[in-house]
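Subject: Structure handover

Hello,

Here is the structure I promised you. Please open it alongside this email, and my notes follow below.

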Amino acid sequence: MGITDGPNGDRLRWDRISKGSLRSARRLSARRGREESGLFLVEGAQAVREALTWPGKVNLLATSDPVRDADYVEAAERRGIRVVLLTAEDVSALSDTVTSQGVFAVCRQVARRELPDKDVRLAVMCAQVRDPGNAGTVIRCADAFGADCVILTRGSVDPHNPKTVRASVGSIFHLPIVVGVELSDAVAWAHAHQMTVLAADGGGHSLDAVARSGRLKRPIAWLMGNEAWGLPGADRALADEVVGVPMWGSAESLNLSTAAAVVLYATASEQRA
């Protein structure tokens, strides 16, 4: 292990990231690189902190300032995880943000292809959700309101996309994320687990009315559609009921992640009342 000058002239005991490791980490920004390696890149202090709480998930910790990130470095070294230093140029090569926090982790992928076999009270099913920021925010909302899983059906964005991971702010490590299943299979799974499938879409019954009826107290799977075209008729028909969020202002609609936050909060509140 090499010795490198620290920011205050002290002597640090970590090597700079090698060209090969930097190149491999950069490849994780592309879906093909993630699929071939089974790894993904986590950027940002909160997400890296959450990754380090899971033994066996992190392969490499990279930081531009090990003194600033001393807690992460210590946690990594306790688990035998290699720590490397980044220059400003290395950070720019890895980050797709304007202002990076300069700390990254290379992690083993967390998504699964098997639907949960335990009892589920609250689930989110995303049908061909393509925007990585929206998907990450939905995962974060699901985590915040106590959902048991998020299902990204076939044709949806890869949850290990760097923008999705960043938008989840570490929540991707907190609950099961299921990928690659057909929507019809996900709905059948929900029904087999005695869940009511509610499609969040305009033109349905008011969320307020559904809440007042007591139906949100049951196990619920929320079906969320694509950002651009919503839920096609065939997908809406798979749901037990279509439910819309009432709006009293002048906005035409809510975006996907905002609607998810509203319906998940309403459901979690009823289930815990």
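A word on element names before anything else. Helices and strands here are DSSP runs, H or I of at least four residues for helices and E of at least two for strands, numbered from the N terminus. Please also keep in mind that this is a predicted model.

**Backbone**

Start with Gln128. Gln128 sits in the loop between β7 (122–126) and α6. Its phi is near 55 degrees, which is positive although the residue is not glycine. Most residues other than glycine have a negative phi. Gln128 is partly exposed, at 29% relative accessible area.

Gln194 is another case. Phi of Gln194 is near 60 degrees, again a positive value in a residue other than glycine. Look for Gln194 in the loop between α8 (183–192) and β10. Gln194 counts as exposed, because its relative accessibility is 60% and the cut-off for exposed is over 50%.

**Strand β3**

Is β3 covered or open? Strand β3 spans residues 39–43 and is mostly covered, with 5 of its 5 residues buried. Leu39, Leu41 and Glu43 point one way from the strand. Phe40 and Val42 point the other way. All of these residues are buried, Glu43 included. In a regular strand, side chains alternate between the two faces of the sheet.

The partner of β3 is strand β6 (residues 103–108). The two strands run antiparallel and are joined by 5 bridges.

**Salt bridges**

How many salt bridges does the structure hold? The count is 12. Here are some of them.

- Glu36 and Arg27: their side chains meet in a salt bridge, 2.7 Å from N to O. Glu36 is partly exposed, with a relative accessible area of 49%. Arg27 is partly exposed too, at 41%.
- Arg236 and Asp201: their side chains meet in a salt bridge, 2.5 Å from N to O. The pair links distant parts of the chain, 35 residues apart. Arg236 is in helix α10 (residues 233–236), and Asp201 is in strand β10 (residues 196–206). Arg236 is partly exposed, with a relative accessible area of 27%.
- Glu270 and Lys217: the closest N and O atoms of this salt bridge are 3.6 Å apart. That is still a salt bridge, because the cut-off is within 4 Å. This pair also links distant parts of the chain, 53 residues apart. Glu270 is in helix α11 (residues 256–272), whereas Lys217 is in the loop between α9 (207–213) and β11 (220–224). Lys217 counts as partly exposed, at 37% relative accessibility.

**Aromatic pairs**

Searching the whole structure turns up 2 aromatic pairs. One of them is Phe145 with Tyr265, whose ring centres are 5.8 Å apart. Their planes stand at 65 degrees, so the pair is edge-to-face. Phe145 lies in the loop between α6 (132–144) and β8 (149–153), and Tyr265 lies in helix α11. The pair therefore ties together parts that are 120 residues apart in sequence. Phe145 counts as partly exposed, at 25% relative accessibility.

**Surface patch**

Which residues form a nonpolar patch on the surface? Met247, Leu254 and Val262 do, with about 200 Å² of accessible area together. Met247 lies in the loop between β12 (241–244) and α11. Met247 is partly exposed, with a relative accessible area of 37%.

**Cysteines**

How many disulfides are there? The count comes to 0. Take Cys126 as an example. Its closest cysteine sulfur is in Cys149, 10 Å away, and that is too far for a bond. A disulfide needs the two sulfur atoms within 2.5 Å. Cys126 counts as buried, at 0% relative accessibility. Cys107 is buried as well, with a relative accessible area of 0%.

Best wishes

Note on methods: Residues numbered from 1 in each chain as written. Predicted model: local features only at pLDDT ≥ 70, side-chain atom pairs only at ≥ 80, totals over all residues. Heavy atoms only, no water. Buried < 20%, exposed > 50% of the residue type's maximum accessible area, 1.4 Å probe, protein only. Patch = residues over 30% accessible without salt bridge, like charges linked within 9 Å, V, L, I, M, F, W, Y side chains within 5 Å. Areas by Shrake-Rupley, 256 points an atom, 1.4 Å probe, with all protein chains shown as cover. Pairing = 2+ DSSP bridges. Phe/Tyr/Trp six-rings, centres within 6.5 Å; stacked < 30°, edge-to-face > 60°.
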